[in-house]
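Hi,

Here is the model I promised to pass on.

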Amino acid sequence: MKRVVITGQGTINSLGRSVAETLEGFREGRCGISNLEFQDVDRLSIKIGGQVKNYDPERDFNRQQIALYDRYTQFTMLAAREAMDQCGLTFSGELAERSGVVLGTAGGGMTTQDENYRSVYEDGKNRVHPFVVPKLMNNAAASHVSMKYNLKGPSFTVATACASSNHAMGQAFQMVRTGMCDVMVTGGSESMLCFGGVKAWEGLRVMSRDACRPFSLGRNGMVQGEGAGIFVFEEYEHAKARGAEILAEVAGFAMTSDASDIVMPSKQGAARAISGAMRDARLNPEDVCYINAHGTGTAANDKTECAAVADVFGTHADHLMMSSTKSMHGHLIGGTGAVELLACIMALRDGVIAPTIGYEEPDPECAIDVVPNVARDAKVNVVLSNAFAFGGLNAVLALRKAP
Amino acid sequence: MSANIEAKVIEIIAEQAVLSIADVTSTSTLEELGIDSLGLVESIFAIEEAFDIQVPYNANEPSESDFDISSVASITKAVAAIVQEQS
């Protein structure tokens, strides 16, 4: 079995247009959630989100690219560019054939769908742009990354709702670990902040109208975000031989299914994924210092997640830190695990734990150190990143300090 | 008016619980009728559609809402108040 390391990272989200800006947001405990701005927002009852503001696609993309890139693909390409620049790899010959792209997204080109449904249903038009299908498809982003960087190995998209990017990164990890590939570009992207995207979520009545306050007593739901997080996973010896800067090691991964309910989370399913990731990484519970929580800010998720952590870690749960950065960037649905992995890497590299902001009052059902409101310095060697999706699909990654 | 509202609420809840209308009374609770959180959200949607109203209900904080879901009678009362207010 090969060792897998991360040699590039990139992002765009409501906290920033780069990893540096995002980490600064984490350190400052900044809130990227604000009033949504898009057509028909006045017809929504939920009007806040972690939206990427003052965004002009024409700054980075030409007309032909914009015709083919939905907003979620644009976010992917921007994050991928940052990650690829950092890793310093170029792909040709055998390396190109042994490298691929696995990305997560839940909604794919939802803005494209929304705009074109509006056009044919509401405006009564009978013609749509010829690129609607290649623009909205869930694999568009992965395909454009493969095309831009000449990645000719296995590429595909994973869709498991809120766990999509953790499942994608787990898949990429396994492909490098087993020797199938030398390099995998992975992570996820989401852009559901359009009228139809938010309207659908509104129906479920789990969204907050004012703020995302994970683990805090009186929390009243999730807040959506948008953006992308992209990473370069590379075989350790390959990275070492070329003298690449290693950001962290991906040590383990596990996925489980609750097999119980389409929306309600299960403690057992979450606990099996957490303990499975530790087993896969050959870690003991007391090795884990920090968990980046799924922490959606719903009543159901947060208490279930805390109960799962308590079950898995026993008394060590009292010595753990577990924060939810969704309080700052919102819930990026299929892209969320990818942006949250940045906080995990920050903990390992910089020794700074991102806080859970908006925290008001302890909830006895969430009795864990959630690093409330203010970032904290801590020496951290091993971290976990949780993602628990609707449909009961759970995916947990374990990361270790760079070797 | 209130009797009509109760009849309609009972019809909606009975359908959600897969029971006959006769099995649902004003004192029935949703729990007794076997309606879970997803069934509740679906019932509220049906109520909104039937009465053309907006029901302020957040599944994360059911107790914070004025919309009291503790029994069929309380739901009827809340619906009647909203109908009055929003008509």
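Below is what I found, starting with the conventions and the contact between the chains.

This is a predicted model, so local features need pLDDT of at least 70 and side-chain atom pairs count only at pLDDT 80 or more, while totals for chains, interfaces and linings use all residues. Residues are numbered from 1 along each chain as its sequence is written, chains are lettered from A and ligands numbered from 1 in the order in which they are written, and side-chain values use heavy atoms, with hydrogens and water left out.

**Where the chains meet**

On the A side, 15 residues are in contact with 12 residues of chain B (contact being heavy atoms within 4.5 Å). The two chains bury about 930 Å² between them, with 46% of it on carbon and sulfur atoms; buried area here is the accessible area (1.4 Å probe) that two parts lose on being put together, summed over both.

There is one salt bridge between chain A and chain B, taking a salt bridge as a side-chain nitrogen of Lys or Arg within 4 Å of a carboxyl oxygen of Asp or Glu. It pairs A:R205 with B:E48 at 2.6 Å, N to O.

At 13% relative accessibility B:E48 counts as buried; buried means under 20% relative accessible area, exposed over 50%, and partly exposed in between (1.4 Å probe, protein chains only). Besides touching A:R205, B:E48 touches B:I53, B:Q54 and B:V55, leaving aside residues up to four places away in sequence. A polar atom of the B:E48 side chain lies 2.7 Å from the backbone nitrogen of B:V55.

**Helix α8 of chain A**

This helix covers residues 164–177, 14 residues in total, and reaches 20 Å from its first C-alpha to its last, close to the 20 Å expected at 1.5 Å a residue (the expected span is 1.5 Å times one less than the number of residues). Of the 14 residues of α8(A), 12 are buried, so the helix is largely enclosed by the rest of the structure. After α8(A) comes A:G179, with a positive phi near 90°.

**Salt bridges within chain A**

Over all chains the structure holds 24 salt bridges. In one of them A:D280 pairs with A:R177, the closest N and O atoms being 2.7 Å apart. A:D280 is partly exposed at 25%, whereas A:R177 is buried at 10%.

A:E249 and A:R400 also meet in a salt bridge (3.7 Å, N to O). Here A:E249 sits in strand β8 (residues 248–257) and A:R400 in strand β14 (residues 393–400), 151 residues apart. A:E249 is buried at 4%, and A:R400 is partly exposed at 27%. Shared partners join A:R3, A:E249 and A:R400 into one salt-bridge network.

Most residues other than glycine have a negative phi. A:F215 has a positive phi, near 65°, and B:V18 has one near 55°. A:F215, in the loop between α9 (195–204) and β7 (227–235) of chain A, is buried at 0% relative accessible area. B:V18, in the loop between α1 (2–17) and α2 (37–51) of chain B, is exposed at 73%.

Cheers

Conventions
Helix = DSSP H or I, 4+ residues; strand = E, 2+ residues; numbered from the N terminus. Polar contact = N/O pair within 3.5 Å; in protein donor to acceptor, adjacent residues only side chain to side chain.
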